[in-house]
Amino acid sequence: MKGIICEEIGRFVYREDLPEPQMREGEAIVRIRRIGICGTDLHAYRGNQPYFTYPRVLGHELAGTIEQIGDNREGLKVGDQVSVIPYMHCGHCRACRSGKTNCCQHMKVLGVHMDGGMRERIAVPVSCLIQTEGLTLDQAAMLEPLAIGAHAVKRSGLGAGDQALVIGAGPIGLGVMALAGYAGAKVIAMDVNDERLEFCKVWAKAEHTVNALREPKERLAKLTDGSFPAFVIDATGNASSMESAFGLVGHGGSLTYVGLVKGTITFNDPDFHEREMTVQGSRNATREDFERVLAAITDGCMDIGSYITHRSAFEDMIGRFDGWLLPESKVIKALVELD
């Protein structure tokens, strides 16, 4: 079986002798057809990904078709097109029992804590598959990164008519913006790149944009009549941005971190208390979030064709990966295709 392994920091190896997956009870064998390249994959390749060990088969943004499956409550069958929920949760810890499977105490994420889908076939629990008939394979592969945004929007508690600042216009931040808009919020997009901010207006339908390098606080004060946004979601994964975000939240508002940094975040306690801010993390996504994105795509909320900016055949990925890391490549989302 063909596969690509991240052997160590900065080195992929292409192999054609990987063992075939063995289907256990409650699992299905999925033939992988599309693999989205995520920030997690980039960080792992560079050696900056928390909770990571080498060697590892990357890949957790996955779409494919079922090749083997037994009887199941979900009604899935051989030949069905599916998207994979890559968060392997225990089902027994307090988080799982309360429905927060996205932050299971014993979480193992495909492509991070265990080998992922950068190979021809993979065994997956049937409970972690979502039938995606009616979507293209490209759309099905994008459910996972966009579900991260859907979960952050849900965590924030924003609703129709609310004003939300989303910091970071990478693929996750763009998803947050689009899903916040789908929920009826008025979105302000913040980034350091003017070209990407224009994309936020067109693709995510952001109402306003703010360049974080040009007096962002003054610009936000003007846009909000001095009150600042009640909902701020930081999707940068940048410690400086995450700390600065504390000063951009309106009184009584909330700050949600969907970006992850390998380090410590600090804040000024009197300022935090004065505003009675809520600060919270948003990790992964639940099945409900995947279904939310599926509905949004079906409703025409997001153009996946322009979200995916770069493509590669499976056999060519290693040669193109380093180029995708370069800022001048202007990657939003890269997709690997298997026949």
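**Note on a predicted model: strand and helix contacts**

1. Val232 touches Leu165, Ile167, Ala245, Leu248, Val249, Ser254, Leu255 and Thr256, with residues up to four places away in sequence not counted. The model is a predicted one. Val232 belongs to strand E13, residues 231-234. Its relative accessibility is 1%, so Val232 counts as buried, the cut-off being under 20%. Val232 and Tyr257 are 25 residues apart along the chain, and their C-alpha atoms are separated by 8.6 Å.

2. Ser254, one of the residues touched by Val232, is in strand E14, residues 254-257. Ser254 has a relative accessible area of 7% and is buried. Leaving aside neighbours within four places in sequence, Ser254 is in contact with Ser156, Ala230, Phe231, Val232, Val249 and Thr278.

3. The axes of H4 and helix H5 (residues 171-182) come within 8 Å and cross at roughly 55°. H4 and H5 are therefore oblique to each other, and the crossing in which H4 passes H5 is right-handed. On the H4 side the contact is made by Pro145, Leu146, Ile148, Gly149, Ala150, Ala152 and Val153; on the H5 side, by Ile172, Gly175, Val176, Leu179 and Ala180. These residues divide into 10 nonpolar, 2 polar and no charged.

4. From H4, Leu143, Glu144, Leu146, Ala147, Ala150, His151 and Lys154 meet Glu288, Asp289, Phe290, Arg292, Val293, Leu294 and Ile297 of H10. Here the division is 8 nonpolar, 1 polar and 5 charged. The contact of H4 with H5, by contrast, has no charged residues.

5. Phe199 and Trp203 both lie in helix H6 (residues 194-203), 4 residues apart, or about one turn of the helix. Is Trp203 buried or exposed? Trp203 has 4% relative accessibility and so counts as buried.

6. Elsewhere, one aromatic cluster is formed by Phe12, Tyr45, Phe321 and Trp324.

7. Lys201 is also in helix H6. Neighbours within four places in sequence aside, Lys201 is in contact with Ala206 and Thr209. How far apart in space are Lys201 and Cys128? The C-alpha to C-alpha distance is 34 Å, and the two residues are 73 residues apart in sequence.

Definitions and conventions:
Residues are numbered from 1 along each chain as its sequence is written. This is a predicted model: local features need pLDDT of at least 70, side-chain atom pairs count only at pLDDT 80 or more; totals for chains, interfaces and linings use all residues. Side-chain values use heavy atoms; hydrogens and water are left out. Contact means heavy atoms within 4.5 Å. Helices (H or I, at least four residues) and strands (E, at least two) are DSSP runs, numbered from the N terminus. Ala, Val, Leu, Ile, Met, Phe, Trp, Tyr, Cys and Pro count as nonpolar, Asp, Glu, Lys and Arg as charged, and the others, Gly among them, as polar. Axes are lines fitted to C-alpha atoms, for helices over the stretch in contact, and angles run from 0 to 180 degrees between N-to-C directions. Angles under 35 degrees count as roughly parallel, over 145 as roughly antiparallel, 65 to 115 as roughly perpendicular and the rest as oblique. A crossing is left-handed if the near helix is turned anticlockwise from the far one by less than a right angle, and right-handed if clockwise. Buried means under 20% relative accessible area, exposed over 50%, partly exposed in between (1.4 Å probe, protein chains only). Rings of Phe, Tyr and Trp (its six-membered ring) pair if their centres lie within 6.5 Å; planes under 30 degrees apart count as stacked, over 60 as edge-to-face and the rest as tilted.
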